Amino acid sequence: MKTQKRIGILTSGGDCPGLNAVIRAVVSHATLTYDWEVIGIPYATQGLLEQKAIALSRHGLDLRGIDPLLSMGGTILGSINKGNTLEHADEIIASYQALALDALIAVGGDGSLSILNDLACRGNWQLVAVPKTIDNDVALTERSIGFDTAVNTITDALNRLTFTAASHDRVMIVEVMGRSTGHLALHAGIAGGADVILLPEIPYSIQGVCRTLAELRDRWAHKFAIVVVAEGAKTTNEVLSCDPALPSLTPQCGIGQYIAEQISRYSTMPIDTRVSVLGHIQRGGIPSALDRLVATTFGKAAVDLVAQGQLRQMVAWQNGRVVAVPLAEVLAHSPLPVDPNGYLVKTAQALGIYVGDVLA
Ligand SMILES: Nc1ncnc2c1ncn2[C@@H]1O[C@H](COP(=O)(O)OP(=O)(O)OP(=O)(O)O)[C@@H](O)[C@H]1O
Ligand SMILES: O=P(O)(O)OC[C@H]1O[C@](O)(CO)[C@@H](O)[C@@H]1O
Ligand SMILES: [Mg+2]
């Protein structure tokens, strides 16, 4: 039996490919299967604060029947990863009632979901969460929307850099995103054939990096190399990853530039380095087939959770299936770090890739 509901959907945190695909799935399933009304809240908590609502319909953005949402990057609803949410918490909580919502589907990463979960607990909202983030650091799910596309983007960049590196016998240092975790660096580094992968979870030493580069050259006549460094990587000495005392670096300098300086300083042989900071290119592009699939199945499952009254749950990808997990448990274990003794790190080491100084 159908029960008329009015549900909201918002996207929060850094944008990523696949957000529009999840919006499409939620709107399709909620309207076609359940005959509910779906409204989009623009700019996450900012839109809630301002009580903004956009009516969403299954073919609302079509042009001559062509549906752009499945393959469009970014989010048509807009997103924020900063703001005055805490200051205006009471007003935001009240907006849920003012907008006459029966439930809210929040698509976000660990930061946003934690904020929204607090608001939901205080306001007794009917909240269902969908994990998205290129960082893949949301716990209890093997996949978050956007990660696969970002890994593909980085891997493509590594392929391109490999041939120019080889042509000039250079060491290419590629700085990638990930905040406090190294999932992006590790996955793309392995897939893109990196020689060195530096992660926040496994401290590195510059001696270890230089030793690897020397061995490549001396033992294998391999005169070029690819170094992938996560933006949050740390040294074994716990020193700041970016040394403001170095003349060419500003306090906000990237770790990629810092590693290049360190290689030049500590390597016993002359090494020509170049640094590429992939930046927000990693958040752009059309979603991969896998991200579209994950987004679509997550969107469908989130609507079903609302229908079943299973609230404060997050949809999750586990063992090739979509399941529901308690949001509080997810947040207690997020951001999820790379396991330094996990199979991916062991695979990288088995192939001779330097991944920092892992303690046995
Ligand atoms: N809706 C929001 N309102 C205000 N601040 C936010 C909001 N969403 C995120 N932030 C801030 O940004 C921080 C980092 O969020 P973060 O970017 O990690 O978002 P996320 O949801 O985890 O997604 P992602 O990690 O993919 O960007 C949060 O801890 C919080 O301080
Ligand atoms: O949009 P901003 O504020 O530049 O955020 C950048 C951060 O967001 C992410 O892209 C996703 O969390 C991180 O990998 C990166 O550190
Ligand atoms: Mg996050």
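This is a short tour of the two ligand sites in a predicted model.

**Stop 1: ligand 1.** Select ligand 1 and the residues around it. The shell holds 18 residues, and Thr85, Ser112, Lys132, Thr133 and Arg179 come nearest. Colour the shell by class to see 2 nonpolar, 11 polar and 5 charged residues. Then show helix H4, residues 110–123, which gives the most to this shell, with 4 residues.

**Stop 2: polar contacts of ligand 1.** Pick Arg179: an N or O atom in the side chain is 2.5 Å from an oxygen atom of ligand 1. Move to Asn81, where a backbone N or O atom lies 2.8 Å from an oxygen atom of the ligand. At Asp135, a polar side-chain atom lies 3.5 Å from an oxygen atom of ligand 1. Taken alone, ligand 1 exposes 590 Å², and the protein buries 82% of that.

**Stop 3: ligand 2.** Now select ligand 2. Around it are Asn81, Ile134, Asp135, Met177, Gly178, Arg179, Glu231, His280 and Arg283. By class, this shell divides into 2 nonpolar, 3 polar and 4 charged residues. Colour by domain: domain 1 (6–146 + 287–318) and domain 2 (148–283 + 340–351) each supply at least three residues to the shell.

**Stop 4: polar contacts of ligand 2.** On Glu231, a polar side-chain atom lies 2.6 Å from an oxygen atom of ligand 2. For Arg283, the distance from a polar side-chain atom to a ligand 2 oxygen atom is 2.9 Å. Gly178 has a polar backbone atom 3.0 Å from an oxygen atom of ligand 2. Taken alone, ligand 2 exposes 400 Å², of which the protein buries 76%. The space ligand 2 takes is the largest pocket.

Notes
Residues are numbered from 1 along each chain as its sequence is written. Chains are lettered from A and ligands numbered from 1 in the order in which they are written. This is a predicted model: local features need pLDDT of at least 70, side-chain atom pairs count only at pLDDT 80 or more; totals for chains, interfaces and linings use all residues. Side-chain values use heavy atoms; hydrogens and water are left out. A residue is near a molecule or strand if one of its heavy atoms lies within 4 Å of it. A polar contact is a pair of N or O atoms within 3.5 Å; within protein, one must be able to donate a hydrogen and the other to accept it, and residues adjacent in sequence count only if both atoms are side-chain atoms. Accessible areas come from the Shrake-Rupley method with a 1.4 Å probe; for residues, only the protein chains shown count as cover. Helices (H or I, at least four residues) and strands (E, at least two) are DSSP runs, numbered from the N terminus. Ala, Val, Leu, Ile, Met, Phe, Trp, Tyr, Cys and Pro count as nonpolar, Asp, Glu, Lys and Arg as charged, and the others, Gly among them, as polar. On a 1 Å grid over the protein atoms alone, a cavity is a set of points where a 1.4 Å probe fits but cannot get out, and a pocket is an open set with protein on both sides within 12 Å along at least five of seven lines; lining residues have an atom within 4 Å of a point. A molecule sits in a cavity or pocket if more than half of its atoms lie within 2 Å of its grid points. Domain bounds come from an automatic or database domain assignment.
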